[in-house]
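Visitor: Please show me the model, and let us go through it by question and answer.

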Amino acid sequence: MGGVDANGWDRAYREGDDIGLWDTPWPSPELVGTVLGLGPAIGVVALDAGCGAGTEAVYLASLGLETIGVDISSTALAIAAERAAAAGVTLDLRLGDVRELPVEDASVDFVNDRGLLHHVPAAGRAQYAAEVARVLRPGGWLLVRGMSAGERCIPVTRRVVAATFGVDRFAEVRSSEYTMVGANGSRPGHIALLRRS
């Protein structure tokens with residue numbers, strides 16, 4: 001599992017490996033806090049990049065945001081569709097690789113990345129950053145959270161975030177260490193809020 005192996009991710013979701021590790025029954029407190037802090041500045045259209053089973057995408061849609069969820073796993077997207085239906089919200093779910101986002105240019109106000117960057121191989125990070133920059137409108141927001149240590153991830157640190165997203169396309173608003181909390185415990189992580197230039 002890990003990287004961009006769609007079959008591996010499909011298998012993980014079919015077998016329930018996501019439960020308690022990266023899939024939680026609630027949106028993360030840092031997403032909730034960021035969205036509340038941004039208020040109307042968050043805009044109208046949100047993209048959950050690597051949306052998985054859709055917990056955070058459903059939350060964003062419940063706030064009235066037009067929400068696009070992109071994931072490499074068709075199994076995860078099927079679960080996300082079920083969750084959206086159960087919550088009574090609409091999600092625009094798209095199968096795709098984040099290095100080639102199936103999203104129109106400058107069409108998104110807010111991008112949510114919870115635990116995606118730490119699975120993007122180093123060689124693909126520049127392309128992922130270019131894609132996020134392409135789909136975000138000027139002034140749009142990017143929230144990145146990833147593990148800074150762990151055997152099944154590529155650590156995300158302030159240096160990695162800065163090197164990946166650069167200063168030419170994004171301005172750092174906040175960047176710090178934090179604890180990623182899951183249903184089965186917590187892990188050291190890094191969080192960054194960036195704004196599209």
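Guide: A residue is called buried under 20% relative accessible area, exposed over 50% and partly exposed in between, with a 1.4 Å probe and protein chains only. This is a predicted model, in which local features need pLDDT of at least 70, side-chain atom pairs count only at pLDDT 80 or more, and totals for chains, interfaces and linings use all residues. Residues are numbered from 1 along each chain as its sequence is written, and side-chain values use heavy atoms, without hydrogens and water.

Visitor: What share of the residues in the protein is buried?

Guide: The protein has 197 residues. Of these, the buried ones make up 51%.

Visitor: What is the expected span of helix H5?

Guide: Helix H5 covers residues 122-135, 14 residues in total. The expected span is 1.5 Å times one less than the number of residues. From first C-alpha to last, H5 reaches 21 Å, close to the expected 20 Å.

Visitor: Which residues of H5 are buried?

Guide: The cut-off given above for buried residues applies here as well. In H5 the buried residues are Gly124, Arg125, Tyr128, Ala129, Glu131, Val132, Ala133 and Val135.

Visitor: What percentage of the contacts with a separation of 6 or more joins residues 24 or more positions apart?

Guide: Contact means heavy atoms within 4.5 Å. Among contacts in the protein with a separation of 6 or more, the share from residues 24 or more positions apart is 72%.

Notes: Helices (H or I, at least four residues) and strands (E, at least two) are DSSP runs, numbered from the N terminus.
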